[in-house]
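Please keep the sequence and the structure in view while reading.

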Amino acid sequence: MKIISPKIHVVLDYLVAIFLITAPNLIDLSANAAIFSMVLGSIHFLLTIVTIFKGGVVKFVPFPIHGIIELIVSITLGVLAFTIFSSHMTDHFYYAGLAVAIFLVYILTDYKSNAK
C-alpha cells in the first residue's frame, strides 16, 4: 500500500536532508560518521531540488529514478552500519536506523503518481 504521495515525500526529503546535516551536532557520532552524515544530507538536498516533483527547483531527475536512488542509499547505509560504522555503537545504530527509515519511505511512496 503506497500511502506517501509525492507531495508528502518532498516534505520528508527536505526534513531528512536537514536532519542529516544537523544530526552530528546533536548526536555523539564519530568524526567520520559525522562528516559522512553532513555530506549525505547535502547530496540528498541536491537530489531533492533536481527531482521532478512539486518541491523540486531545477527538475530534471524523474521521481521514479529518485526512488531508485533512495533504495540504493538505504541498502548502502545498512551495509555501512554493519561494516565501517559497526565499531562505534552510536554510529552503528544511527546508520542502521537511517537505512530502515529510508527503506520504509521507499516502500511506502507512490513513485508512479503524478509527481508534477
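## A loop residue and the basis of the values

Leu29 lies in the loop between H1 and H2, where helices (H or I, at least four residues) are DSSP runs, numbered from the N terminus. The model is a predicted one, in which local features need pLDDT of at least 70 and side-chain atom pairs count only at pLDDT 80 or more, whereas totals for chains, interfaces and linings use all residues. Residues are numbered from 1 along each chain as its sequence is written, and side-chain values use heavy atoms, with hydrogens and water left out.

With a relative accessible area of 11%, Leu29 is buried, the classes being buried under 20% relative accessible area, exposed over 50% and partly exposed in between, for a 1.4 Å probe and protein chains only. When its neighbours within four places in sequence are left aside, Leu29 is in contact (heavy atoms within 4.5 Å) with Pro24, Ala34, Ser37, His88, Thr90, Asp91 and Tyr94. The C-alpha atoms of Leu29 and Phe82 are separated by 15 Å, and these two residues are 53 residues apart along the chain.

## Packing of H2 and H4

Two packed helices are described by the angle between their axes and the distance between the axes. Axes here are lines fitted to C-alpha atoms, for helices over the stretch in contact, and angles run from 0 to 180 degrees between N-to-C directions. Helix H2 (residues 31–49) and helix H4 (residues 89–108) pack at an angle of about 25°, with their axes 10 Å apart. H2 and H4 are therefore roughly parallel to each other, given that angles under 35 degrees count as roughly parallel, over 145 as roughly antiparallel, 65 to 115 as roughly perpendicular and the rest as oblique. On the H2 side the contact is made by Ala33, Phe36 and Ser37, and on the H4 side by Asp91, Tyr94 and Tyr95.

Ser37 is found in helix H2 and, at 0% relative accessibility, counts as buried. Apart from its neighbours within four places in sequence, Ser37 is in contact with Leu20, Ile21, Pro24, Leu29, Tyr94 and Tyr95.

## The nonpolar core

A nonpolar core is a set of buried Ala, Val, Leu, Ile, Met, Phe, Trp, Tyr and Cys residues joined through side-chain atoms within 4.5 Å. The largest such core has 16 residues, of which Leu77, Tyr94, Tyr95 and Leu98 touch the most other members. Helix H1 (6–26), H2, helix H3 (63–81) and H4 are the elements that give two or more residues to this core, and H4 gives the most, with 6 residues. Leu98, leaving aside its neighbours within four places in sequence, is in contact with Phe19, Leu20 and Leu77.

## Packing of H1 and H3

H1 and H3 pack at an angle of about 45°, with their axes 13 Å apart, and are therefore oblique to each other. Pro6, His9 and Asp13 of H1 make the contact with Phe63, His66 and Glu70 of H3.

## A positive phi in a loop

Lys59 lies in the loop between H2 and H3 and, at 36% relative accessibility, counts as partly exposed. Its phi is near 60°, a positive value in a residue other than glycine. Most residues other than glycine have a negative phi.
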